[in-house]
Amino acid sequence: MVSASRYALGFISLLIVVGGMGASAVTLRQRFFSTWTGALARLAEVLLGLSLLIALSELLGTVGLFRLGWLVAGSLAIVVVVGRSAATHARVRSECGRGLVDRAATAVGLTGAAAVTATWAAQTLASYDYGIRTFDSLWYHLPWAAWFAQTGHVTPLRFTDVEYLTPFYPATSELLHAVGLILLGRDTLSPGLNLIWLGLTFLAAYCVGRPRGLGGATALGAAIALGTPMMVFSQAGSAANDIVGIFFLLAAVAIVLNASYEREAMVLAALAAGFAIGTKLTLGAGAVALTVGVIATAPRGTRGRTALWWLVPFVLAGGFWYVRNLIAVGNPLPWVNLPGLAVPVAPLQVHTGFSIAHYAGSGHFWTSVVPHALLGGLGNWWPALVAGAIGGPLLCLLPGAGRTQRMVALVALVALVAYLVTPESAAGPAGNPLGFAFNLRYAGPALTLCLTVLPLAPVLDGARMRWATLVGLLVVLVATIAQARLWPPGYTLGAVLIGAVFLAFALASRFVRLPGKRAGVLAGATALAVALLAVAAGGYIGQRHYLRVRYAYQPGISSLAPTWDRFRRVRNARVGIVGTFGGFFSYPLFGLDDSNHVEYIAHHGAHGSFTPIASCREWRTAVNAADLEYLITTPARDPWNPRTLHPSPEGAWTRSDPAAHRIYSRTVTGQPIEVFQIRGPLNPARC
């Protein structure tokens, strides 16, 4: 558990960091975007605040100072520095609807967004009752965040298995999870962070349609994509980063559509696009296409300046992790064999990363695999979603569309086509694309962008067509989220309440004018103080519940659940793990307070290579070098046939040494999971 004093310290630190970044963001927005109002102003402030937080975290993490004290001090320093540049501006009121019809359309769109928020909230509440359990989160997202928080460093490569080249992935999302872990001393924020990213994504989607009074419709289009089972089950209540990248991409598009080629706007949009590729590789095509599109469509005589104002912040925001790879490996993209640049030794799954394009001529793939996966991932109305995703951008290319609108439509189409050639979009053994359904979420950025821009099509303009589009989108959304599996028993009421709170906040932000008199300001400050006290008290109660049940043993969850429960009571220990069955689900071994140092034991080779150890002598030498207190040996797991486990020789190499005391053992499908307490150096000479 966590003491009341540590919780208070964490909550105050969180307020300082978030409040400091927020205050600085408002100051910068008033200075550089003083004419922006309402939702667009809020989006700018969110992007500016995130830019400051990410930049501070990357800077501190590069020099090993990614710690609580330095985060708080850095946030206060930013407030002071930015505050000195503050300019006085007239108070800007929130924007309101243009008329009753526009307000009604906006209310419909926000209601749809709130319904999707409720579906995500149900999964989030479940995670607070069990702990995050999604595959990628336990495999590398959360272990990276824990390592960042433990060591204070963010640039060393973090290896969690020998199957894939995951250590070279960009890690901006994991960096932000680490911020929460550092501030609160626990991962209490992590299950709920993606719910916040969802709300920010709806804000960006609303701003996409804002210039033409279509914010409600564009938010509804995004809601359809984000309400699909593939997004709800992979993102809600997890540490997956697809939703983070989608927010940044949509935010960049929204800024471009609202502010065109203003210099400050180009910088802000480029930062958002850069953070998209600094979050997830699948955002690369959309972000690069937007970059090319903005420069290509700039007014004559300004393309050189536009390229400068875009490319510099784009590279600064998106290049951090790729520069890390270049320094560590000699190649910014270690997955690609670029001429003259080093590459790691191929991982075990190197021959399974097929794209959809690889199966372009396979009738079985298109008639059997694809429909079945789309049914499971998109719902019963998947043909309507696919038609909208393809038709939306195409309709935006018809006569009547503006230059920027057409460019954004082309970006959406490029993202859609890029998904078809994305490695691992149809992963699996040759001829058996088992990974297509699991990796369908790779289409999330393209699908969300395509459905978001659909209402912008000129052919859908006019009052009647706008309402017809809105009703059509609403029908598809209802059909998409009206699936019992999206509403787990026991969480529906709480999820609906959270959705209602989201709707009330969104409607108030959109339609309620804030009072300008001093009495109104005082009342607002009082209400904020009361709200913070309520959040602090509720957060403490909620955190105690979460830590009481987080990865506690529950039957039927996982064969590793007893091992996870055992390590809830272990703190500040050096823990080794081997065997991909354990490596893929290693995060709970970090302990209740994420203080255990968990390391996958394998051979570190040149250029970032990470391969299984081949001999007993080398194995025992590596275990000794890791200075372990505990060692967990597990079978090797075939990712394409999870029920098939293969023996790992490391268990026998460990078991036969008297310094390794076995304290737990369990057999799964004929293969052992063993936990050893290491009481001294293993003897390589006695293998």
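**Notes on the predicted model**

1. Phenylalanine 248 has a relative accessibility of 0% and therefore counts as buried, the cut-off being under 20%. The model is a predicted one.

2. Phenylalanine 275 is also buried, at 5% relative accessible area. The rings of phenylalanine 248 and phenylalanine 275 make a tilted aromatic pair, with centres 5.4 Å apart and 45° between the planes. Because phenylalanine 248 sits in helix α10 (residues 242–259) and phenylalanine 275 in helix α11 (residues 263–277), the pair ties together parts 27 residues apart in sequence.

3. The count of aromatic pairs comes to 33. In one of them, tryptophan 147 and phenylalanine 590, the ring centres are 6.0 Å apart and the planes stand at 75°, so the pair is edge-to-face. This pair links distant parts of the chain, 443 residues apart: tryptophan 147 belongs to helix α5 (residues 135–151), and phenylalanine 590 to the loop between α24 (580–583) and β2 (597–600). Tryptophan 147 is buried at 6% relative accessibility, and phenylalanine 590 is buried at 0%.

4. One aromatic cluster includes Phe135, Trp139, Tyr140, Trp144, Tyr164 and Tyr169, along with Trp335, Phe438, Phe581, Phe584 and Phe585.

5. On the overall fold, the protein chain has 26 helices and 9 strands. Among contacts with a separation of 6 or more, 75% are between residues 24 or more positions apart.

6. The accessible surface of the protein chain is about 27300 Å², and carbon and sulfur atoms account for 66% of that. The mean positions of the 48 positive and 26 negative charges lie 10 Å apart.

Technical notes:
Residues numbered from 1 in each chain as written. Predicted model: local features only at pLDDT ≥ 70, side-chain atom pairs only at ≥ 80, totals over all residues. Heavy atoms only, no water. Helix = DSSP H or I, 4+ residues; strand = E, 2+ residues; numbered from the N terminus. Contact = heavy atoms within 4.5 Å. Areas by Shrake-Rupley, 256 points an atom, 1.4 Å probe, with all protein chains shown as cover. Lys, Arg positive; Asp, Glu negative; His and termini not counted. Charge placed at Lys NZ, Arg CZ, Asp CG, Glu CD. Phe/Tyr/Trp six-rings, centres within 6.5 Å; stacked < 30°, edge-to-face > 60°. Buried < 20%, exposed > 50% of the residue type's maximum accessible area, 1.4 Å probe, protein only.
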